[in-house]
Amino acid sequence: MMEGYEKAAADAEERLAAAADLDAVAAIERELLGRRSKFTEAKRRLSDLDPGERAAAGRRLNAAREQMEAAVAAARARLTASGRADRYAAERLDLTERLPQTAPLRRGHFHPVTQARDRLEDVFVGMGYTVAEGPEVESAWYNFEALNIPDWHPARGSFDTIFVNLGEPEEVMLRSHTSPVQIRIMENRKPPIYVVAPGRTFRADTADATHLPAFNQIEGLAVDRNITMGDLAGTIDEFVRALFGREVKSRLRPSYFPFTEPSAEFDISRPDGSWLELGGCGMVHPNVLSNCGIDPEEWQGFAFGFGIDRLAVMRHEIDDIREFVNNDVRFLSQF
Ligand code: PHE
């Protein structure tokens with residue numbers, strides 16, 4: 001005759017197959033194998049049996065326990081797998097979904113400053129230059145010293161440098177211009193060198209219609225034999241025309257930068273006949289060449305640098321440079 005627990009074990013599989021969730025499985029398991037189950041009761045009664053009968057009864061108990069445990073494990077596995085499948089189905093993101101098409105999809109495009117930067121790179125690549133980049137966080141050596149601006153030099157003050165709280169005071173900074181890339185290039189390459197280096201630059205300026213504290217510059221550097229100021233003027237003229245058209249002229253005005261000698265600022269002509277200042281330039285100072293291990297007796301060079309954002313403002317006749325960072329799609333989508 002079958003004991004009560006053996007009957008329960010025989011029915012276990014069928015009952016568990018009907019269990020709807022893991023809680024139901026746990027309840028059935030408690031009923032089959034828990035402290036108040038027929039199984040546990042039978043196990044307790046083992047000690048009342050004669051030693052001779054005990055072994056056979058123990059084997060029957062074990063067989064029933066294994067049967068019930070296997071049925072519970074199978075039910076758990078079934079519900080866990082289907083539970084996961086249900087959850088996945090509920091959480092599914094349909095990335096192919098589209099709103100009903102009332103108008104053609106609108107595509108984005110590059111930011112006008114990125115467009116200006118790309119265009120500038122293309123123009124210079126067309127003139128035989130390569131494109132380089134440098135870090136946005138610089139040491140005083142690259143941002144100033146190697147550029148012939150020692151710490152006592154008044155020009156340091158004019159840069160409104162944003163220092164980084166690292167190392168010695170005023171040793172580490174957000175670069176205030178792209179000119180440190182000149183140094184990094186000359187340290188690593190032998191002339192002849194023809195490189196442009198666009199990138200972000202930073203100054204402790206309050207944003208207004210013509211200034212941003214984080215802005216973009218492009219640096220140009222040419223180092224070769226017999227380079228003159230005439231080559232510099234011709235290069236600037238060439239890229240201004242390539243960018244703005246044949247009718248736009250450029251001019252150089254004497255100026256001062258510690259890292260160029262002679263130095264100039266360059267302007268471009270506007271349709272109304274006035275001039276607009278675009279950037280600085282000059283012949284690379286012999287001290288700067290020496291600082292990079294290049295013999296100034298053998299090599300000469302010119303360098304220039306100017307603001308890309310300013311150029312984009314000009315190109316699109318925008319009256320507030322801050323529009324570039326407000327990121328209002330209605331504004332940006334015009335370009
Ligand atoms: N670095 C200068 C500036 O930011 C511009 C410049 C670059 C001038 C190269 C001369 C040569 O004002």
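This is a predicted model: local features need pLDDT of at least 70, side-chain atom pairs count only at pLDDT 80 or more; totals for chains, interfaces and linings use all residues.
View 1. Val137, by comparison, stands 81 residues from Ile218 in sequence, and the two C-alpha atoms are 16 Å apart in space.

**View 2. The largest nonpolar core, seen around Leu120.** This core has 39 residues, and those with the most contacts inside it are Leu120, Phe239, Phe304 and Phe306. At least two of its residues come from each of α5 (112-126), β6, α8 (229-244), β8, β9, β10, α10 and α12 (329-332), and the largest share, six residues, is supplied by α8. With neighbours within four places in sequence set aside, Leu120 is in contact with Ile218, Phe239, Leu243, Phe306, Ile308 and Leu311. Another core lies apart from this one and has 27 residues, among them Met186, Val195, Phe259 and Cys292. In soluble globular proteins, nonpolar side chains tend to be buried together.

**View 3. The largest pocket and its lining.** About 770 Å³ of space lies in this pocket, whose lining is made up of 38 residues, with Arg203, Gln217, Phe257, Glu277 and Gly280 nearest its centre. β6 (214-224), β7 (250-257), β8 (260-269), β9 (275-284), β10 (300-307) and α10 (308-316) each contribute at least two residues to the lining, and β9 gives the most, with six. Sorted by class, the lining of the largest pocket has 15 nonpolar, 15 polar and eight charged residues.

**View 4. The second largest pocket, with Glu317 among the residues nearest its centre.** The space in this second pocket is about 450 Å³, and of the 18 residues that line it, Arg270, Leu276, Met314, Arg315 and Glu317 lie nearest the centre. α10 gives the most to this lining, with four residues, while the division by class is nine nonpolar, two polar and seven charged. Glu317 itself is found in the loop between α10 and α11 (323-326), where its phi is near 50°, a positive value in a residue other than glycine. Glu317 counts as exposed because its relative accessible area is 68%.

**View 5. Cys281 and Cys292, two cysteines without a disulfide between them.** The count of disulfides in the model is zero. Cys281 is in no disulfide, and the nearest cysteine sulfur, that of Cys292, is 19 Å away; seen from Cys292, the closest cysteine sulfur is the one in Cys281, and a bond is ruled out because 19 Å is too far. Cys281 is buried at 2% relative accessibility, and Cys292 is buried with a relative accessible area of 9%.

**View 6. Backbone details at Pro192, Pro262 and Asn226.** The peptide bond from Pro191 to Pro192 is cis, with omega near 0°, and Pro192 has its place in the loop between α7 (180-188) and β5 (193-202). A cis peptide bond also joins Glu261 to Pro262, with omega near -5°, and Pro262 is found in strand β8. Asn226, in the loop between β6 and α8, has a positive phi, near 55°, although the residue is not glycine, and Asn226 counts as exposed at 66% relative accessibility. Most residues other than glycine have a negative phi, and most peptide bonds are trans.

Conventions: Residues are numbered from 1 along each chain as its sequence is written. Side-chain values use heavy atoms; hydrogens and water are left out. On a 1 Å grid over the protein atoms alone, a cavity is a set of points where a 1.4 Å probe fits but cannot get out, and a pocket is an open set with protein on both sides within 12 Å along at least five of seven lines; lining residues have an atom within 4 Å of a point. Grid points are joined across faces, edges and corners, and a volume is the space filled by probe spheres set on the points. Ala, Val, Leu, Ile, Met, Phe, Trp, Tyr, Cys and Pro count as nonpolar, Asp, Glu, Lys and Arg as charged, and the others, Gly among them, as polar. A nonpolar core is a set of buried Ala, Val, Leu, Ile, Met, Phe, Trp, Tyr and Cys residues joined through side-chain atoms within 4.5 Å. Buried means under 20% relative accessible area, exposed over 50%, partly exposed in between (1.4 Å probe, protein chains only). Contact means heavy atoms within 4.5 Å. A disulfide is a pair of cysteine sulfur atoms within 2.5 Å.
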